[in-house]
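Biologist: I would like to learn how to read strands, cores and interfaces in a model. Can we work through one together?

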Amino acid sequence: MGEVQEPILKIEHLVGGYLKRKPVLHDINFEVHSNEIVGLIGLNGAGKSTTIKHILGLLEPVEGTIRIHGISRQEKRELYQSKLTYIPEAPIFYEQLTLWEHLELTAMAYDLHESWAETASLLLQEFRMEKMKHWLPETFSKGMKQKLMIICAFLARPSLYVIDEPFLGLDPRAIQSLLALMDKRKEEGSGILVSTHILATAERFCNRFVLLHEGRILLQGTLRQLQQQTQLEQASLDEIFMRVTEVSRDE
Amino acid sequence: MNSIRKLWFDRVAWFWNDAIKYLKIILVGYAYLPLILLIVMAYLYHYLLKVIPLEWEFGWILAPLLTIAITRSPVRTFIKKPDPLFLFPMEHRLTDYFRASLLYSALVQGFSLFFMFLLLSPLYYAKISPSSGDFYQAFILLLGVKWSNVWAAWNESRLPQLARGVHVVGRSGLNFLICLYLFHIPLIPGTLLLALWVGWILYYAGVWKKTRLHWPNLVQKEEESQARFYSFAQWFMDVPHYTVRIKKRTLWVRLLQRIPLLPKKGHFYLYSRSLLRYRDVSSHYFRLTVFGGVFLLAMPPSGIGVTIVFLFSLASNAIQLMNAWNRLKVSFWDRIHPFPANSRKKGFQRVLFLFLFLQSVLMSVVLAKNGLLWLASYVLLGLFFSYLVSYPIMGRKIDKALTLET
């Protein structure tokens, strides 16, 4: 990871939020590179989801830029969107499409090569959803709906995966499958941005962390760098997080 | 007023305040619709009375219609989703609440039955009995049967789903016999019919004693009733409370499986499946197509009459299909997926054109009975109409919506 490389995602001086006059994100700067998983962590209301909404293009920055491979959404919307897939925190699906039709639609959206069907079958098998492939998602359990989101996102092979609280509602086997899949796509060259509250798991699978607090970045770097920045040698991510957010509250 | 009764009145008032807002908009904006319906009905009556032989028993037409109206007697309870949790512990104190629901449903459905009977009155007077005494006597008896059906449906709501279905079948059979009897087709003697009716009432009284409130069913039925109203309003405008009901329609969707999986076809793929699976949209589409076809089949070959029915049926479908855009235009994934910028507009226009042109072709095929020239002319008229609605008219509507979005 030491060598200099062009980042997949580059956020520079991002100021943003839901209202132009009242931004909730202030001067956010971070990058996601190829072959790395970056954990976006913070308390409720820290600005994680707002940051993700800006990356996805659901919110327009008040100031600053967001680029994927050097392209901003404002310049080339289609190209920008084709470089990322997204797994939302709460499943959002077309109630009128079956699981398999969601996959067909995803294949159309990302103009996938014909072999997508093989990948889809493998993913369905991995997440034990083959039997439900022609079912409408309204009959699914919460975990199954989340699996539908995961399978759709991993069917495509974009440069960047944006994943919001991926473990909610998943059974332990599905969590393992998801982690393995994330690791595989990372090794293949993608970058992954994950927002999560489950810090013990994040510590295991993330290469770097961006700690947000009240719309600002408090810390960022590898676990080792965070330990050095906070002078908490040997501390776990959980301990660093608790200490930093506590100090910030006292201030 | 005790708190339970107040709760019921508050809920009814809330529903009607909301409903009146929608009804006002519909009545102001679409005042011509009831008028067109009345003209079409008057024409149909006139035609039916002319073509059907005198000796034909009209009771066979009226009885099935009224049997459906009488058997379908849902009780509006205004129950809400959290009620099973919050009201369940005080179930024994809810007698007043449900009594009010029963009374309300009986009154509202009594009025609708009266209007339906009034609409059918020309047929009754012309073909069954010219006496208004007979007419009102038949109505009062039917009202009694209707109210006993409302009460029966309330008792059935306490039964498991399968048992409910069996009871509805039995109930509709008895209702059919009663309706036939009232229209002077006595399949069984009147005394036997009365005995069956009394026995049926006693049976339902037994059902009441042996069962208790079935909360999940009450919630589901109430949601369905609300959905029916909002789905009607959705024809004319955007309705925020609207819950889309989906039907899988496997066979119909199979016809769409030849669409190539290309990015430029993405929204055509999505919207064609959506319109087929939105239960209200596709059911209305099929119904309007079938009704249009039946009318055209029964009509004499008069150019103006046929063209009016043909265009009216197409225009009704065009309105409801165009309104389906309101619920399709807002989709989270449209912001995420890298589909081409004009994919949504083109996709919806193609689907709209396909649906309307298919209807035109089906109705034109019916008109082939008048000669091949009729078939060709109406296919062309349909093609022109479908193009006009789908491209210039719908195009403007979509452009406006997309401009507002950005």
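This is a predicted model: local features need pLDDT of at least 70, side-chain atom pairs count only at pLDDT 80 or more; totals for chains, interfaces and linings use all residues.

Biologist: Take strand S7 (residues 160-164) of chain A. Why is it largely enclosed by the rest of the structure?

Modeller: Count the neighbours of each residue. A residue is buried if 20 or more other C-beta atoms lie within 10 Å of its own. Here five of the five residues of S7(A) are buried, so the strand is largely enclosed.

Biologist: Which residues point which way from S7(A)?

Modeller: Leu160(A), Val162(A) and Asp164(A) point one way. Tyr161(A) and Ile163(A) point the other way. Both sets are buried.

Biologist: Which strands does S7(A) pair with, and in what sense?

Modeller: Look at the bridges. Strand S6 (residues 84-87) of chain A is joined to S7(A) by four of them, and the two run parallel. Tyr86(A) has Val162(A) as its bridge partner there. Strand S8 (residues 191-195) of chain A also pairs with S7(A) in the parallel sense, over five bridges.

Biologist: Through which helix does the chain cross from S7(A) to S8(A)?

Modeller: Through helix H6 (residues 172-187) of chain A. The β-α-β crossover is right-handed.

Biologist: What does an antiparallel pair look like here?

Modeller: Go to strands S9 (residues 208-213) and S10 (residues 216-221) of chain A, joined by five bridges. Val210(A) has Gln220(A) as its bridge partner.

Biologist: Now the cores. What is the general idea?

Modeller: In soluble globular proteins, nonpolar side chains tend to be buried together. In this model the largest nonpolar core has 107 residues. Among those with the most contacts inside it are Leu160(A), Val162(A), Leu193(A) and Leu275(B).

Biologist: What is Leu193(A) in contact with, leaving aside its neighbours within four places in sequence?

Modeller: Leu9(A), Val32(A), Val38(A), Leu40(A), Leu160(A) and Val162(A). There is also a second, separate core of 19 residues, including Leu62(B) and Ile178(B).

Biologist: Last, the interface. How many residues of chain A are in contact with chain B?

Modeller: 22 residues of chain A, against 21 residues of chain B. Helix H2 (77-82) and helix H3 (99-109) of chain A are the elements that each give two or more residues to the chain A side. H3(A) supplies the largest share, six residues. By class, the chain A side has 12 nonpolar, four polar and six charged residues.

Methods
Residues are numbered from 1 along each chain as its sequence is written. Chains are lettered from A and ligands numbered from 1 in the order in which they are written. A residue is buried if 20 or more other C-beta atoms lie within 10 Å of its own, exposed if 12 or fewer, and partly exposed in between; C-beta atoms are placed from the backbone. Helices (H or I, at least four residues) and strands (E, at least two) are DSSP runs, numbered from the N terminus. Two strands pair if DSSP finds at least two bridges between them. A crossover is right-handed if, with the strands pointing away from the viewer, the path from the first strand over the helix to the second runs clockwise. Two residues are in contact if their C-beta atoms, placed from the backbone, lie within 7 Å. Ala, Val, Leu, Ile, Met, Phe, Trp, Tyr, Cys and Pro count as nonpolar, Asp, Glu, Lys and Arg as charged, and the others, Gly among them, as polar. A nonpolar core is a set of buried Ala, Val, Leu, Ile, Met, Phe, Trp, Tyr and Cys residues joined through C-beta atoms within 7 Å.
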